[in-house]
Amino acid sequence: MLSRYTRYRGRAANANPLPDGMRRDTRRHTKHILRPTYELVDAYVVKPTDAAWGRFRRGYLALLEARFQKDRAPFDELAEQATSANVFLGCSCPTKKNPIHGRCHTFLALEFMKKKYPGLTVIIPAPRPKGHNTNATPNMYAEAQTWSPFKGCEFDCVYCSPSFKRHSKRQKRLCPDCYKYTPHCHENRLRRIPSAPIIFVCGNADISFCPPDFARRIIERIVEHNARAPHKTYYLQSKQPAYFEPFLSHLPENVILLTTLETNRDNGYGTISKAPPPSVRYEQFKALNYPRKVVTVEPVLDFDLRTFVSWIRKIGPEYVWLGFNSKPKSVTLPEPSEDKVQRFAEKLLDAGIEVRGKTLRGVELPATSA
Ligand code: SF4
Ligand SMILES: [Zn+2]
Ligand SMILES: [Zn+2]
């Protein structure tokens, strides 16, 4: 598998390898076959307009093509490496000078490799929600829509009732099961996948309550829909990640698996939720042999810094969603200090793990607020 990652300032080049792959720095001063030239980068960053990006794109792809024509061996070698391992192309974008996510040569490099090596699994990371660089993204996935052929959950998280459940109550008359949050399927919704670029599959539910046969049909629909709309990203989430195990080999590569870990602490967790305790969830999620994972640390509960960081590193997610309880008036939770959450975010960033934030209060994400 070939993908990209964001390098962060102040980190030694070979420090903290991603748990699950080989990182390759491809910035302009390196010798990497996919590096851009100084001229191309300078011409773009001096005034990073849409037109300038268009010129960068054309120039850079032409540069790669020329290198490829001259000597394709290093490209072949990279493709071969990425066949047997997870290889990540690194760059420091987005940066202050180049703040728009997706405008980095590594995205173009992935496109190029995908075209030249159609058999290779290339994962081009999903675009970030708009406005993410502020610390106050209003929705968890601003460009996402929820597709709910299955609904309901019996984990009864205390922080769920004031948010999701109230929403479903509006549907009291439409569907009594939706109202009561009883796990159930909406067969007729299978056909209609929303048009958004990011699809949150069964957002108002925990999919582990879904009958496996129906989950299989949901996945089949995604595969089918990919023939027409291949550029969507689908998120499947569960607080019981072992549920995904039998489906792993059927998931297309634009499906990301997600679990919530609000903390590493099991002690007292029983008063928060009936879901498997954090340590069980962690073990289950880590054990899934699947390259695309995201961890949601939201609403963050008080944790043990070292243990929690090491858990996340061992899971090796594409990124971490981090946020405090967004409804402190409705529910009070045992929360960590802002300072502790700040250190947590920094440690993840140091480990090369991207952190995206929501309801961060005073916490600043260094890479995005720079
Ligand atoms: S697991 Fe998710 S859907 Fe289920 S109660 Fe908790 S927050 Fe709500
Ligand atoms: Zn870049
Ligand atoms: Zn319903």
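**Exercise 1. Sort the residues in the shell around ligand 1 by class, and say which come nearest.**

Step 1: Start with the classes. In this predicted model, the shell around ligand 1 holds 7 nonpolar residues, 1 polar residue and 3 charged ones.

Step 2: Now put names to the shell. It has 11 residues, and those that come nearest to ligand 1 are Cys 153, Phe 155, Cys 157, Cys 160 and Asp 206.

**Exercise 2. Work out the strand order of the open sheet of 3 strands, and explain why β1 and β2 each have one side without a neighbour.**

Step 1: Trace the order across the sheet, which reads β1-β3-β2 with parallel pairing.

Step 2: Look at the edges. β1 (2-6) and β2 (22-25) each have a single partner strand, so one side of each is left without a neighbour in the sheet.

Step 3: On average, neighbouring strands here are turned by 35 degrees against each other, with direction ignored.

Step 4: Zoom in on one pair. β1 joins β3 (residues 87-91) in the parallel sense over 5 bridges; in β3, Leu 89 is the bridge partner of Arg 4.

Step 5: Finish with the helix. α4 (residues 105-116) lies across β1 and β3, and runs at about 175 degrees to β1.

**Exercise 3. Find the residues of the largest nonpolar core that touch the most other members, and name the elements that supply at least two residues each.**

Step 1: Of 30 core residues, Ile 312, Val 320, Ala 345, Leu 348 and Val 355 touch the most other members.

Step 2: At least two residues each are supplied by α8 (278-287), β10 (293-297), α9 (305-315), β11 (319-322) and α10 (338-350).

Step 3: Leaving aside neighbours within four places in sequence, Ile 312 is in contact with Val 295, Pro 317, Val 320, Leu 348 and Ile 353.

Step 4: Look beyond this core. Apart from it lies another core of 26 residues, including Trp 147, Ile 207, Cys 210 and Ile 222.

Technical notes: Residues numbered from 1 in each chain as written. Chains lettered and ligands numbered in written order. Predicted model: local features only at pLDDT ≥ 70, side-chain atom pairs only at ≥ 80, totals over all residues. Near = placed C-beta within 6 Å. Nonpolar A, V, L, I, M, F, W, Y, C, P; charged D, E, K, R; others polar. Pairing = 2+ DSSP bridges. Helix = DSSP H or I, 4+ residues; strand = E, 2+ residues; numbered from the N terminus. Axes fitted to C-alpha atoms, helices over the stretch in contact; angles between N-to-C directions. Contact = placed C-beta atoms within 7 Å. Core = buried A, V, L, I, M, F, W, Y, C linked by C-beta atoms within 7 Å. Buried ≥ 20, exposed ≤ 12 C-beta atoms within 10 Å, placed from the backbone.
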